[in-house]
Amino acid sequence: MSRIRILPDALASQVAAGEVVERPAAVVRELVENSLDAGATQIEVHVQRGGAALIRVTDNGGGMDREDALLSLERHATSKIRTKEDLAAIRTLGFRGEALPSIASVSRFRLATREAGALAGTEIEVNGGRMQHVRDYGGAPGTVVEARSLFFNVPARRKFLRSEPTEAAHVEQQFRLHAIANIHASFTLVRDNETVFQLPATPNELERIEGLAGRELARRLLPMEEFQHGNVMVHGYIGGPGLSRSDRKMQVVFLNGRAVDNAAVHYALREGYHTMLMKGQHPITFLFLEMPPGSFDVNVHPAKKEVRFHEPHVVREAIVRAVNRTLTKSSAISTGHPTEATQRMPMFAATSATTPLESPSLELVAPAAQLSKPVAPALPIFAPQAPTSFPASFPTVAVSSSTAATSLPPVDAPREKTAEANGAPPPRFRILGVLHRLYVLMESAEGLVLMDQHAAHERVLFEQLRHAMEREGVPSQRLLLPVTLEVPPHDFDVLQRHLETLHRLGVEAEPFGANALKIDALPAFLKTDDPQSLLRDILEEIAGASSRTSALRLGEDMIATTVCRHAVKANDSLRTPELEKLVEQLFACEMPYCCPHGRPTLIQISHAELEKKFGRRAP
Ligand code: ADP
Ligand code: MG
């Protein structure tokens, strides 16, 4: 007797449900996708008790006739694709025909739907996969789908639901993604009978982001102009240096309107930010990719969140370049609009930025990054007024581009866009003293400015070395005794292909036997007695990056990791002229506002904030 059985449909659906709807947020994702596919322009999401008690999505889309409504609950019933060719060129969010039957099999389910011209609509109730009622429905055109008591009949899964607030947070995140990707529809989220979001349709992405993430965050985002590379179009909004989070919640990427998760994309974002991102931090991005449907595959995972690109390197390159362009421009923008500086600084309450912006407080000795907001990048700190506003007896640092030019090698394009080119006056500071032998206290026309002398020096050294590398390659220094490095065959191939890169970085190496390299010289600025481990680090870097990563990029990494050791240490005491020089050099940098590891170099506490702290002004 045969032991193989075909599963009863209801059971098969429950099994599938495990993959499609792992938690309430996934139900929300599927239902809202269906509403969008049905052309809805108004979508309302209700959840109760984190979605465990109730999830209801109401839309004003096309609705279904009775036959379709019944069919929609069958497994693999979909109106969205018919052929293999359709699958290769999906333009809808759904296509698997699994969501409704899956959800219906693990909840007390109700579908009510009506087409616009129809006399009556259809209402269907399903209880744990079992059809209970089919009746006429007299509601408004569109569709309501309701799932109550999710997983009531699958205790094992119900147990896996996290706390209500956690599930609710996931629902909210899912809702955000849909709402950002579909600005032409209005979205409402009601949680436990309280309206959390009510977002009118808008033609403006930033307005939608503002509605979801708060005004202050939206204001700190840099617009990314449309950028095309290959068949990839990128645009969006991204956080400038100093704006990041310790999780990826605000790193959202949409591909043709679908939120996607893809390692190559994350990596590209990281590389785009490069040294402007603190270790362990994730950038804040709202990135929109548009690509021809045939150039990627979303049919990778039942949740349709993963995506495979046919040409991942093209996507990567597009993102890296677009991010780069946007960030490079940002330093010019930030010094170009002095009025921004005087506005209240961000405090996006609902979201937790990692550069805590609330209460600059009295703990002036706290580590800089935790103190107040970083100045970068949308916060210019030059003084619009004349320098004479400071008493003459104090040293005043005026940074003009002529002094800058003498202290650093000639600069290339991006830097020309800084203060001078914008016709803005150079920054002016009066040095007041040094706190903790680390934080240089300065007065600017805007208020109090703190500079982390170590971070500032790192930035200066970093840019000097980078310029040197760009111009003539890093000068190298011969080793007294050449060192040989044995590497596994695969790595050996990689290294061999990058000998020229290594050369530019000041590393002289040549093949030595089958799987070894002989190293004759190392970069002069590098004081290491362990060239082997250095090379291994570089190798890892080379292997980790794609073959397209430029020599410059790799060099930047190497420099960024080594300058730290050479920079002025936190507790080196510097005299005023040295500090002045440092400020001057910092402002001659392309990106003065953060160190090569992405930490802020400058923090400002405005007069307004001080006044508030001292109760001179209403908060
Ligand atoms: P898929 O979205 O992959 O096609 P679903 O199980 O999510 O599969 O939905 C099955 C079908 O039911 C859809 O193809 C669509 O025709 C119909 N449908 C589902 N939700 C709605 C809705 N809100 N409005 C109109 N039709 C819908
Ligand atoms: Mg669907």
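**View 1. Buried residues of helix α10 in the predicted model.** In this predicted model, helix α10 spans residues 263-273, and its buried residues are Val265, His266, Ala268, Leu269, Glu271, Gly272 and Tyr273. At the start of α10, the residue to look for is Asn262, where a side-chain oxygen comes to within 2.8 Å of the backbone nitrogen of Ala264. At the other end, just after α10, His274 adopts a positive phi of about 50°. As background for reading the helix, an α-helix has 3.6 residues a turn, so residues three or four places apart point the same way.

**View 2. The packing of helix α7 against helix α8.** Two packed helices are described by the angle between their axes and the distance between the axes. Here the pair consists of α7, which covers residues 164-181, and α8, which covers residues 205-213; their axes lie 9 Å apart and the helices pack at an angle of about 165°. Because of this angle, α7 is roughly antiparallel to α8, the cut-off for that description being an angle over 145 degrees. The crossing in which α7 passes α8 is right-handed. On the α7 side the contact is made by Phe175, Arg176, Ala179 and Ile180, while α8 contributes Arg208, Ile209 and Leu212.

View 3. Thr122 is found in strand β4, which runs over residues 121-127, and because its relative accessibility is 2%, Thr122 counts as buried. Leaving aside residues up to four places away in sequence, Thr122 touches Asp65, Arg66, Ala69, Leu111, Ala112, Thr113, Val134, Arg135 and Tyr137. One of these neighbours, Arg66, has a side chain that takes part in a polar contact with the side chain of Thr122, at 3.1 Å. The view can also include Glu67, which is 55 residues from Thr122 along the chain, although the C-alpha atoms of Thr122 and Glu67 are separated by 9.3 Å.

View 4. Val583 has its place in helix α21, made up of residues 576-587. Is Val583 buried or exposed? Val583 counts as buried, because its relative accessibility is 0%. Along the chain, Val583 and Phe429 are 154 residues apart, and yet in the folded model their C-alpha atoms are separated by 8.6 Å.

Terms used
Residues are numbered from 1 along each chain as its sequence is written. Chains are lettered from A and ligands numbered from 1 in the order in which they are written. This is a predicted model: local features need pLDDT of at least 70, side-chain atom pairs count only at pLDDT 80 or more; totals for chains, interfaces and linings use all residues. Side-chain values use heavy atoms; hydrogens and water are left out. Axes are lines fitted to C-alpha atoms, for helices over the stretch in contact, and angles run from 0 to 180 degrees between N-to-C directions. Helices (H or I, at least four residues) and strands (E, at least two) are DSSP runs, numbered from the N terminus. Angles under 35 degrees count as roughly parallel, over 145 as roughly antiparallel, 65 to 115 as roughly perpendicular and the rest as oblique. A crossing is left-handed if the near helix is turned anticlockwise from the far one by less than a right angle, and right-handed if clockwise. Contact means heavy atoms within 4.5 Å. Buried means under 20% relative accessible area, exposed over 50%, partly exposed in between (1.4 Å probe, protein chains only). A polar contact is a pair of N or O atoms within 3.5 Å; within protein, one must be able to donate a hydrogen and the other to accept it, and residues adjacent in sequence count only if both atoms are side-chain atoms.
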